[in-house]
Amino acid sequence: MTEQELRDPKRKPSHEGVLRAMAKIAAILPPTPLLPLEVDGTTIWCKAEMLQPIGAFKIRGAWNRLTDLTDEERARGVVAVSSGNHAQGVAWAAQRLDIAATIIMPENAPKAKIEATRGYGAEVVLYQRPGQDRDAIAAELIARTGATLVHPFGDPWVMEGQGTLGLEAEAQLKARGVEGPLHIIACCGGGGLSGGLALACPEATLSIAEPEGWDDMIRSIAAGEILSVEDQTYPTPCDALQTPRTFPINFDVLRDRVHSSAVVTPADISAAMRVAFEKLHLVVEPGGAAALAAVLSGKIDPVATPVVTLSGGNVDWESYRQMVGRTA
């Protein structure tokens with residue numbers, strides 16, 4: 001692609017774009033650990049993204065997007081919408097690049113995520129979820145300021161940045177002498193991570209896991225068209241995966257790539273969080289444990305060489321205590 005093509009916000013994300021993102025991200029972030037876990041006699045490999053500087057994989061896409069802004073775009077700042085992890089990724093990248101960042105977050109987002117975002121120097125604008133449209137709020141702000149939208153999943157740079165997780169995992173397995181095709185099991189909200197992984201690892205088998213009540217991607221793929229979450233008041237501990245509907249840019253990548261999928265319950269999530277703590281000594285937030293929950297519950301059967309995304313660990317102590325302590 002030419003430089004002009006790469007800077008076109010309407011371009012399609014690509015494997016080439018993931019490779020380009022990998023070079024940028026490897027220059028500033030070390031790989032996160034890929035840890036083995038035995039499940040019913042099968043070794044699954046867990047990608048510990050909660051050990052990123054902001055506690056989640058979202059730092060990848062945010063850094064890839066912001067480092068491609070022109071000088072004029074940097075001067076006008078960026079706007080993002082997020083429940084918390086993308087918010088911190090954008091704020092972290094913006095702080096290091098000296099770019100003004102405004103993040104639109106739901107009032108019911110975890111307080112720890114809101115305060116962490118502010119701690120990176122970003123301005124936080126709160127909205128009511130459900131009730132208000134975060135994308136409409138962002139559009140109005142962008143119209144007034146000329147800022148650039150950095151969407152949490154519906155953006156080619158963001159998707160390509162998230163896909164670098166897959167390239168890292170491939171390289172880590174190769175270094176360990178583990179051969180064979182991958183089976184990537186990913187936590188899924190809007191499809192930024194899973195779409196990026198599909199682009200990064202075109203030969204891999206791909207499975208996705210979504211929380212109960214927020215399984216719009218799974219339903220959309222089954223229907224062959226984009227569907228919205230049916231009840232946006234449906235309670236879930238997985239705040240990181242509460243996306244009302246996917247975007248065409250994500251759906252177009254995933255519609256023919258998802259091999260299997262699973263809807264996981266709060267009890268499934270709790271069990272996965274306990275296993276991550278007891279066996280891997282890792283604190284995983286509910287949304288970050290969805291993929292592991294799908295495997296441990298038997299809802300997704302690992303094939304080939306399984307790689308499971310533990311996509312984040314930004315959870316306050318009281319919520320974590322309640323989740324790991326529940327049994328139903």
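Reader: At 12% relative accessibility, does Thr148 count as buried or exposed?

Author: Start with the general idea. Buried means under 20% relative accessible area, and exposed means over 50%. Thr148 has 12%, so Thr148 counts as buried. One note before we go on: this is a predicted model.

Reader: Where is Thr148 found? And which residues does Thr148 touch, leaving out those up to four places away in sequence?

Author: Thr148 is found in strand S6. With residues up to four places away in sequence not counted, Thr148 touches Arg65, Leu69, Glu73, Gly77, Val78 and Val79.

Reader: Now rings. How is a pair of aromatic rings described?

Author: Take Trp63 and Trp92. Their ring centres are 5.8 Å apart and their planes stand at 65 degrees, so the pair is edge-to-face. The reasoning rests on one cut-off: planes over 60 degrees apart count as edge-to-face.

Reader: Which parts does the pair of Trp63 and Trp92 tie together?

Author: Trp63 lies in helix H3 and Trp92 in helix H5 (residues 85-97), so the pair joins parts that are 29 residues apart in sequence. Both Trp63 and Trp92 are buried.

Reader: What are the values for the pair of Phe153 and Phe247?

Author: Phe153 and Phe247 are 5.1 Å apart, centre to centre, with 70 degrees between the planes. This aromatic pair is edge-to-face. Now place the two rings. Phe153 sits in the loop between strand S6 (148-149) and H8, and Phe247 in the loop between helix H10 (216-223) and helix H11 (248-254), so the pair ties together parts 94 residues apart in sequence.

Reader: How do Phe153 and Phe247 count by accessibility?

Author: Phe153 has 4% relative accessibility, so Phe153 counts as buried. Phe247 has 26% and counts as partly exposed.

Reader: Next, helices. How are two packed helices described?

Author: By the angle between their axes and the distance between the axes. Helix H8 (residues 156-175) and helix H9 (residues 192-200) pack at about 60 degrees, and their axes are 7 Å apart. H8 and H9 are therefore oblique to each other. H8 passes H9 in a right-handed crossing.

Reader: Which residues meet where H8 packs on H9?

Author: From H8 come Met159, Gln162, Gly163, Leu165, Gly166 and Leu167. They meet Gly192, Leu193, Gly195, Gly196, Leu197, Leu199 and Ala200 in H9. By class, this contact has 7 nonpolar, 6 polar and no charged residues.

Reader: At what angle do helix H12 and helix H14 cross?

Author: Roughly 105 degrees. The axes of H12 (residues 266-280) and H14 (residues 317-325) come within 7 Å. H12 and H14 are therefore roughly perpendicular to each other. Pro266, Ile269, Ser270, Met273, Arg274 and Phe277 in H12 meet Tyr320, Met323 and Val324 in H14. Here the classes are 7 nonpolar, 1 polar and 1 charged.

Reader: Pro266 is in that contact. What separation do the C-alpha atoms of Gly121 and Pro266 have?

Author: They are separated by 33 Å, and the two residues are 145 apart along the chain. Gly121 is found in the loop between helix H6 (111-119) and S5. Gly121 is exposed, because its relative accessible area is 63%.

Reader: Last, the backbone. Is the peptide bond from Arg129 to Pro130 cis or trans?

Author: Cis, with omega near -5 degrees. Pro130 is found in the loop between strand S5 (123-127) and helix H7 (134-145).

Reader: What is phi of Asp40?

Author: Near 50 degrees, a positive value in a residue other than glycine. Asp40 is in the loop between strand S1 (34-39) and strand S2 (42-48). Asp40 counts as exposed, at 81% relative accessibility. Ala304 has a positive phi too, about 50 degrees, although Ala304 is not a glycine. Find Ala304 in the loop between helix H13 (290-296) and strand S10 (305-310).

Conventions
Residues are numbered from 1 along each chain as its sequence is written. This is a predicted model: local features need pLDDT of at least 70, side-chain atom pairs count only at pLDDT 80 or more; totals for chains, interfaces and linings use all residues. Side-chain values use heavy atoms; hydrogens and water are left out. Axes are lines fitted to C-alpha atoms, for helices over the stretch in contact, and angles run from 0 to 180 degrees between N-to-C directions. Helices (H or I, at least four residues) and strands (E, at least two) are DSSP runs, numbered from the N terminus. Angles under 35 degrees count as roughly parallel, over 145 as roughly antiparallel, 65 to 115 as roughly perpendicular and the rest as oblique. A crossing is left-handed if the near helix is turned anticlockwise from the far one by less than a right angle, and right-handed if clockwise. Contact means heavy atoms within 4.5 Å. Ala, Val, Leu, Ile, Met, Phe, Trp, Tyr, Cys and Pro count as nonpolar, Asp, Glu, Lys and Arg as charged, and the others, Gly among them, as polar. Rings of Phe, Tyr and Trp (its six-membered ring) pair if their centres lie within 6.5 Å; planes under 30 degrees apart count as stacked, over 60 as edge-to-face and the rest as tilted. Buried means under 20% relative accessible area, exposed over 50%, partly exposed in between (1.4 Å probe, protein chains only).
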